[in-house]
Structures are given as structure tokens and as C-alpha cells.
Amino acid sequence: MALTVEVLGEPGRDNAAYVRADSGRELVRLLFDCGEGTAAQLGRAEAQAVDALLFSHLHMDHVAGFDSFFRMVYSRTGRPNIIYGPAGTAEIMQHRMRGFLWNLEEGDPAVWDVVDVLPDRLERARMRLGEAFAQRYPQPAQPRQGALVWQTPSLRLEALQLDHRTASLAYVLRERPRLHVRAERLPELGLAPGPWLQRLKQPGEGEIAIGGRSFELASLRAELIVVEQGQSFAYCTDFLLDAAALERLAPALAGCDTLVCECQYRAADAELAARNFHMTAPQVAELARRAGVADLILFHVSDRYRRDDLAGMLAEVRAIFPAARFPAHWAIDG
């Protein structure tokens, strides 16, 4: 899979993250948060192709760009329109959608679904452009399977609820593991390729008959199937990273290829970070180290810092986790 990650926005300003995941069979585009100016950077063509907008939480600096995004896609019917966020997202989004005059769109077929991600269930509400978004139609609640929020044939998206004096969601996107057949082993076992290989790739125990011979599935999988872990991405911003949150979050992020994580404060401002339920540079670094991520991209820094302070912030992170960087277009290096 080709998985590309783009951080939108500038240092000290509102940010967002845009992910494109291309498996060759499907191309999925996800927008994480929508700060002021970020949708304009995305552009109309990409906005029209976004499969889901995922809010960490609904503070102004994460939602201020929604109107620009919405302007580009409000009447879209070529694909589902869906927004995810913590409890209260559907109510807030309805207010934003209703904040315009829709006298020319009566009967328009565009539909928007907004999903409140709660710890144990997903609560979906549907709203219609042709009704000026006046009604919010609750859909049947969906019990959550662990941390799962959304999935496609090639991807699995999970969300964990963390504490920002309100619920804030950390997202983890993982490509499903790919199963490969060790074709060179087939002649050694006296086997020929056939439809039975598809069954071998499916879960299940017992035996399988091949060419008049019987094989135990688990043993044959061990001989012939190689599991290749797919690519992965995590998005973490705006929450208190205390010891309990670190113990809970690090395993969920384990082995991620790319972690996009807020870095609001430098170490000297740890008290301010704790008061505002944000993270410091050393805390971000420790999370990345504990999770064993490959690449750490820092974003969402406080506007209290001058541009030349950010090199010092990056040095604080790299002292603990060397594979850290700011977005390339920020042009900041330690």
C-alpha cells in the first residue's frame, strides 16, 4: 500500500492532517481535523474526494476551517458524506450546517451522516441538505468492537478517547495484514496451486482435502503462508498525557509507521501544558519511544513560541526520540 501523510497549516497556526491510502484495489482519503485555512490548502478536487472527516474534538482551532471545507462539498452525492468525532459532534455540526440560508436547495438529495464516537458505541445521526439540515434523524446505535470505528476491505480505523477536559479522540489507521503464499514450497509438499489456497488464507481450524490428501489447516498455514504487516498511521492531539494515558495509548500505537502528534509546549512550560491538558516535547518523544513508531511528525505547536524557538523544541524531542521532525514545508530543523 502507498500511504501518504500531509500536515496542513503552518507553525503556530491551525493544523490538520490529510492521509491518502492506496492499496491498488481502493484509494481512501481521510481528513483529520479541519483548522482554519487547512481546507483551502487541500483544494477543491481533493476535498471532493475525502471519504471521511474525523475530528479529534470540537474546539475552535480544530473546526474553524469546516465552513471552507463544507462549501466545497455540501451538495456531494457521488460518495457518502460522513463526519466522526466525540460525543456532541452531531449536535455541533448540525448548528454549523444550519448557519447558512438554503432557500435554493429545497429537495436536494445530498445526505450527511455524523457519528458520535462513544467508548462503547457509535451513535449516528443523518441530516439532509434538502431540508436545510433542520432535522437530525437518529440511526440505530452500533456497538463498538474494541476500539474499531470504521473499516474498508484494506483498512481498519480505531479511536481512543482521551482527556482534554473534554473527550478528545486519538486515531490509529492500519492497513490489514497481507497474506502471501510461499509458492516455492508447493512443489516440495507435492501440491499444485488451486482454489484451496483461498481457503487457506481464511480464518478457521480443522482439515482441508487437497488432491485426495488431508492436511491440518494450522500446520499447512505455517508452512505456506507469510503474514506481512501493512502500513499504519496515528493522529494524536490535544489531551493530557499522564502516566495512565501513556500506558493505555502506547500499546495502541505500537509499531506505527507514522505518528502525527501535537507538540504544544517545550519542557520548561510543563506546568502550563498540564494546566491546559496538552503535551510537552519530552512527553511526545516518550510516547513515540514507548510505542516504537518509525517516524514522528510534530505539529500543533503553541503560538507563544517564535519560529527560532522551534529548533530548540525539536532538539528536546530528538534527545529522547531521534526520528522526529516537523513537516517539511515548515522548513525547521534542529
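Trp150 stands opposite Leu157, which is in strand 11. This is a predicted model, so please keep that in mind throughout.

Now the strands around that pair. Strand 10 and strand 11, residues 155-163, run antiparallel and are joined by three bridges. They belong to an open sheet of seven strands with mixed pairing, in the order 10-11-12-17-18-19-20. Its edges are strand 10, at 148-151, and strand 20, at 324-325, each pairing on one side only.

Two helices to point out here. Helix 8, residues 243-252, packs on the sheet and touches strands 11, 12 and 17. The direction of helix 8 makes about 175° with that of strand 11. Helix 10, residues 281-291, lies across strands 18 and 19, at about 160° to strand 18.

Next, the cores. The largest nonpolar core has 70 residues, and Phe32, Tyr84, Leu249, Leu253, Leu259 and Leu296 touch the most other members. Helix 10 gives the largest share of this core, six residues. Leaving out residues up to four places away in sequence, Phe32 touches Ala16, Ala17, Val19, Leu54, Leu157, Tyr171, Phe233 and Tyr235. Another core, of 30 residues, lies apart from the largest one; among its members are Ala39, Met72, Ile83 and Leu129.

Last, helix 5, residues 89-97. Which of its residues are buried? They are Thr89, Ala90, Met93, Gln94 and Met97. Viewed down the helix axis, these fall within an arc of 130°, so they line one face of helix 5. That face packs against helices 3 and 4 and against strands 5, 6 and 7.

Definitions and conventions. Residues numbered from 1 in each chain as written. Predicted model: local features only at pLDDT ≥ 70, side-chain atom pairs only at ≥ 80, totals over all residues. Heavy atoms only, no water. Pairing = 2+ DSSP bridges. Helix = DSSP H or I, 4+ residues; strand = E, 2+ residues; numbered from the N terminus. Contact = heavy atoms within 4.5 Å. Axes fitted to C-alpha atoms, helices over the stretch in contact; angles between N-to-C directions. Buried < 20%, exposed > 50% of the residue type's maximum accessible area, 1.4 Å probe, protein only. Arc of directions from axis to C-beta. Core = buried A, V, L, I, M, F, W, Y, C linked by side-chain atoms within 4.5 Å.
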